[in-house]
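Colleague: Could you take me through the side-chain contacts in this model, one part at a time? I would like a close look at the aromatic residues and then the charged pairs.

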Amino acid sequence: MLKEKIIIVPQHLYFEETIDFINSFANIREERNYIFDFAKTIRIDPFSLLFVSSELEIFKNNNPTSLFHARNFSHLRYPAHMGFFKSFGLNFGKEPGEASGSNTYSPIEILYVKDIKDLAWELMVNPGEVLENYAENLSNILTQNKEKNITEVLRYSIREILRNIVEHSESDKFSFCAQYLPSKQRVNFAVLDRGIGLKQSLSNNPKITLESDLEAIEWALKPGVSGKVYPGQKNKPKGEWVNSGYGLFMTSNICKKGGSFFISTGKKGLLITEKQKREFDLETHGTAIYLDIDLTSIYELSKMLYDFGKQIPKNVFLQPSKSTMDNNTKSLKI
């Protein structure tokens with residue numbers, strides 16, 4: 001008879017509960033049969049949709065001789081519609097990217113880096129311009145163009161996060177989803193890649209010495225820090241789409257105004273709000289980012305970037321690229 005392990009999925013898969021749930025996998029001994037029971041589960045946020053589905057897929061791959069089952073999940077229609085279940089192999093709901101979304105959510109979507117670069121090559125533009133269009137479409141879906149300032153800030157933040165993945169992660173694909181909460185005037189955006197992680201990416205910069213994943217996170221959030229552009233570099237990349245290491249700095253500051261910014265890589269995660277920083281032990285195969293943006297705290301993008309730019313110390317050698325600071329980049333139709 002097969003030995004089985006019943007894993008009770010939490011009632012609420014919200015941020016911290018999700019981190020605890022994922023961390024519990026490390027303590028599960030190898031069994032022949034795993035059963036994931038969703039009977040108690042009621043709600044799942046965008047961060048959890050991505051992270052849990054991806055970690056379940058990794059957990060399955062790490063136990064190739066075991067059997068996996070799920071039960072009591074039919075009531076979770078919204079996660080199913082978002083592509084949650086099919087993203088880790090359960091034949092229930094829609095595939096990632098199949099649902100069209102609405103003015104309050106964008107379902108799980110998987111983009112392939114090669115496709116983005118091939119399209120950029122075909123259009124004879126920088127991949128950043130292709131990502132600009134994805135970011136604009138997503139921000140328009142979530143805001144329905146009701147407020148220009150909100151749309152521009154969302155577009156900027158999403159674009160800079162996606163650019164970092166395509167330019168630095170060395171991942172062949174990445175996934176994201178988003179949710180607009182009208183009653184709370186907040187937007188949640190989650191993105192996950194399975195690339196090399198921040199520590200390895202930043203190690204390409206000879207000006208930085210990193211001892212831990214937490215150090216890598218803290219360096220990545222500083223202005224002017226990049227694994228590909230640094231002071232004294234020979235054959236430094238040129239052009240308005242050069243990633244000069246300001247995207248995460250600016251985006252994290254946008255989120256801190258009434259919301260929060262979370263990033264995890266390797267074995268550490270860091271949550272940042274206006275009032276505090278919290279460290280988390282969390283195994284992340286690649287890099288995960290979760291933006292919680294308070295729409296009532298948003299004002300004109302150019303003014304926000306200018307205000308945050310004033311925080312940059314004068315001894316920072318690199319300067320933000322034109323594409324990082326310019327909010328009037330034209331979009332492409334895909």
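**Aromatic and charged contacts**

Modeller: Happy to! Phe-15, Phe-47, Phe-51, Phe-262, Phe-280 and Tyr-290 form one aromatic cluster. This is a predicted model, in which local features need pLDDT of at least 70 and side-chain atom pairs count only at pLDDT 80 or more, while totals for chains, interfaces and linings use all residues. Residues are numbered from 1 along each chain as its sequence is written, and side-chain values use heavy atoms, with hydrogens and water left out.

The structure holds 26 aromatic pairs (rings of Phe, Tyr and Trp, the last by its six-membered ring, with centres within 6.5 Å; planes under 30 degrees apart count as stacked, over 60 as edge-to-face and the rest as tilted). One of them joins Phe-15 and Tyr-290, stacked at 6.5 Å centre to centre with 20° between the planes. This pair links distant parts of the chain, since Phe-15 is in helix α1 (residues 15–24) and Tyr-290 in strand β10 (residues 277–294), 275 residues apart. Helices (H or I, at least four residues) and strands (E, at least two) are DSSP runs, numbered from the N terminus. Both Phe-15 and Tyr-290 are buried (under 20% relative accessible area; exposed is over 50%, partly exposed in between, with a 1.4 Å probe and protein chains only).

Now the charged pairs. A search of the whole structure finds 15 salt bridges (a side-chain nitrogen of Lys or Arg within 4 Å of a carboxyl oxygen of Asp or Glu). Among them, Asp-37 and Arg-71 meet at 3.0 Å, N to O. They sit 34 residues apart, Asp-37 in strand β3 (residues 33–37) and Arg-71 in strand β5 (residues 67–71). Asp-37 is buried, at 8% relative accessible area, whereas Arg-71 is partly exposed, at 34%.

Glu-55 and Arg-194 also form a salt bridge, at 3.0 Å, N to O. Here helix α2 (residues 46–62) provides Glu-55, and the loop between β8 (186–193) and α7 (197–202) provides Arg-194, 139 residues apart. Glu-55 is buried at 6%, and Arg-194 is partly exposed at 28%.

Arg-155 pairs with Glu-132 in another salt bridge, the closest N and O atoms being 3.1 Å apart. This one links helix α6 (residues 148–169), with Arg-155, to helix α5 (residues 127–143), with Glu-132. Arg-155 counts as buried at 9% relative accessibility, and Glu-132 counts as buried at 0%. Salt bridges that share partners join Glu-132, Arg-155, Arg-159, Glu-160, Arg-163 and Glu-167 into one network.
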